[in-house]
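Work through the exercises below with the model open. Try each task before reading its solution.

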Amino acid sequence: MAAIRQVPLVCGGHERPVVDLKFSGITETGSYMLSASKDGKPMLRKGETGDWIGTFEGHKGAVWGATINKDATLAATGAADFSAKLWNAINGTELTTYAHKHIVKAVDFSQDSQKLLTACNDKKLRVFSIEKTDSDPLIMDGLTGNSKRCLWFKNDTVFNGGEDKIISQWDVRSGSMVQQIQVDSKVTNMELSQDILIVTYGKTTAFYDPESLELIKQHEQNSLVYAASMHQTKKFYVTGGEDFCLHKIDYETGNALESFKGHFGPVHCVEFSPDGELYASGSEDGTLRLWQTVIGKTYGLWRSYEDDEKPSVVNGVEAVSEES
């Protein structure tokens, strides 16, 4: 029997590199995916298929960060126009603009969707109220380098990682830094998943206890890693980076399980869908690609097929076959 190949779904639409993406949770109408691009036009898509739903219009510069809350009712973006914007994710309207003093590189919602965390190139973290949009933000000052990623952990704790090679933990109630650790290279991405803080820097993917920031384990690759995402089973994770490839890696051993090349540029962001059936990647080539977690399984736009039945277009979304 011929081997079944990975067939990523290619989601076009962006005109410049895709630098960030985020899935919602699973709602009554499925999951949703938001992407950020240097073209300044964040896009909302169906999470299971990649079908385009709409584009949020309003930024006047590259959009560096994007997030969507669990129930897919709110979206937020951070951009080079010195602003973060809050959006109604259902009808696409802009709810408010949060002014900043420099480029906004990252955004993240609190777990209750009542607050928005932003990381700005003025080396400050800010927490904005979503209910009281005209109130002054809480400002956390003291970063020593530009941020790459900021994340909420529980209701009163946030993380930051960036160009200063530091991962820091902050208490929102006091506005002060609780602890920090130094790594060997600039932090390129962070994810909180399955009670683990996953951090990429250099050629390393490191896993930390988010409570204590104690290192659990770390794995090395042969090329620079720009992002990593853990599967819900905690048995494996995926990475993307400088080599244009997506790598599926065993969490316990660090051994590569699968590797696929589909992008035509470095991979800047990756994330598993909330049901774990696929993972998405965004690249310098300006595309998003959706990859099956279990190759050949019928799911979304994918249908089981053999090598001699490779489709070129599936329901209007381009499908590209790549050998591992």
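This is a predicted model: local features need pLDDT of at least 70, side-chain atom pairs count only at pLDDT 80 or more; totals for chains, interfaces and linings use all residues.

**Exercise 1. The cavity**

Task: Find how many cavities of 30 Å³ or more the structure holds, and describe the lining of the largest cavity.

Solution: 
- Step 1. Count. The structure holds one cavity of 30 Å³ or more.
- Step 2. List the lining. V19, D20, W64, K105, K148 and R149 form it.
- Step 3. β2 (18-23) and β14 (147-153) are the elements that give two or more residues to the lining of the largest cavity.
- Step 4. Sort by class. The lining has two nonpolar residues, no polar ones and four charged ones.

**Exercise 2. The largest pocket**

Task: State the volume of the largest pocket. Then say which residues lie nearest its centre.

Solution: 
- Step 1. Take the volume. The largest pocket comes to about 1,000 Å³.
- Step 2. Look at the lining. It consists of 40 residues, with K22, K70, E191, L192 and E271 nearest the centre of the pocket.
- Step 3. Two or more lining residues come from each of β2, β6 (63-68), β10 (104-109), β14, β18 (187-193), β22 (225-230) and β26 (267-272).
- Step 4. Sort by class. The lining splits into 19 nonpolar, 13 polar and eight charged residues.

**Exercise 3. The second largest pocket**

Task: Describe the second largest pocket by volume, lining and residue class.

Solution: 
- Step 1. Take the volume. The second largest pocket has about 290 Å³.
- Step 2. Look at the lining. There are 13 lining residues, and K105, K148, E163, V187 and T188 lie nearest the centre of this pocket.
- Step 3. Sort by class. Four lining residues are nonpolar, four are polar and five are charged.
- Step 4. Cross-check with Exercise 1. K105 and K148 are listed for this pocket, and K105 and K148 also line the largest cavity.

**Exercise 4. L278**

Task: Is L278 buried or exposed?

Solution: 
- Step 1. Apply the cut-off. L278 has 0% relative accessibility, so L278 is buried; the limit is under 20%.
- Step 2. Check a C-alpha distance. L278 and G300 are 22 residues apart along the chain, and their C-alpha atoms are 9.6 Å apart.
- Step 3. Link back to Exercise 2.

Note on methods. Residues are numbered from 1 along each chain as its sequence is written. Side-chain values use heavy atoms; hydrogens and water are left out. On a 1 Å grid over the protein atoms alone, a cavity is a set of points where a 1.4 Å probe fits but cannot get out, and a pocket is an open set with protein on both sides within 12 Å along at least five of seven lines; lining residues have an atom within 4 Å of a point. Grid points are joined across faces, edges and corners, and a volume is the space filled by probe spheres set on the points. Helices (H or I, at least four residues) and strands (E, at least two) are DSSP runs, numbered from the N terminus. Ala, Val, Leu, Ile, Met, Phe, Trp, Tyr, Cys and Pro count as nonpolar, Asp, Glu, Lys and Arg as charged, and the others, Gly among them, as polar. Buried means under 20% relative accessible area, exposed over 50%, partly exposed in between (1.4 Å probe, protein chains only).
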